[in-house]
Amino acid sequence: MNASEVASMEKRETQYEAGENTGRSDCLRTEDGAPPRNLFPPHVNGWRIIAAGLRARQLRQKDLARLLGVTPAAISQIKSGRIKLNRRQIALIYNFLGLEEPDIRRLYAEIFNARLRFESPELEF
């Protein structure tokens, strides 16, 4: 995933968070009119970044399953966060998807933040 693909994905998320793609600007607002703080919380496996990389390369979850040597059902559990990827699996995935350094950093940051949040739910992000 290159920088322009990441920027495009982030722009779409920002537009969605602002209600720009819904026809109603107030549908994603809290009662006081502010946008919600965490519409898309970080994922324990960085799934949004992985999914965007798969889409960009026209790959499917079954291709990822083959790479990791797991079943497609295990990929569904990874996607839902029931199974956490280890460092070796994360490295295999970002190499397979051809992620560039900034995207690899974003992937690790999302995983770290999500796992920290999961283990310390009292922390606010």
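1. In the protein chain, 60% of the contacts with a separation of 6 or more are between residues 24 or more positions apart. The model is a predicted one, and the remarks below should be read accordingly.

2. The secondary structure consists of six helices and zero strands, giving the pattern α-α-α-α-α-α along the sequence.

3. The protein chain has 125 residues, of which 32% count as buried. Its exposed surface comes to about 8000 Å², with 51% supplied by carbon and sulfur atoms.

4. Which residues touch the most other members of the largest nonpolar core? They are Trp 47, Ile 50, Leu 64 and Leu 107, in a core of 20 residues. At least two residues of this core come from each of α2 (47-56), α3 (61-68), α4, α5 and α6 (101-119). In soluble globular proteins, nonpolar side chains tend to be buried together.

5. Apart from neighbours within four places in sequence, Leu 64 is in contact with Trp 47, Ile 50, Leu 54, Ile 75 and Ile 93.

6. Ile 83 lies in the loop between α4 (72-80) and α5 (87-97).

7. Not counting residues up to four places away in sequence, Ile 83 touches Asn 45, Ala 74, Gln 77 and Ile 78. The C-alpha atoms of Ile 83 and Val 44 are separated by 9.0 Å, and the two residues are 39 residues apart along the chain.

Conventions: Residues are numbered from 1 along each chain as its sequence is written. This is a predicted model: local features need pLDDT of at least 70, side-chain atom pairs count only at pLDDT 80 or more; totals for chains, interfaces and linings use all residues. Side-chain values use heavy atoms; hydrogens and water are left out. Helices (H or I, at least four residues) and strands (E, at least two) are DSSP runs, numbered from the N terminus. Buried means under 20% relative accessible area, exposed over 50%, partly exposed in between (1.4 Å probe, protein chains only). Contact means heavy atoms within 4.5 Å. Accessible areas come from the Shrake-Rupley method with a 1.4 Å probe; for residues, only the protein chains shown count as cover. A nonpolar core is a set of buried Ala, Val, Leu, Ile, Met, Phe, Trp, Tyr and Cys residues joined through side-chain atoms within 4.5 Å.
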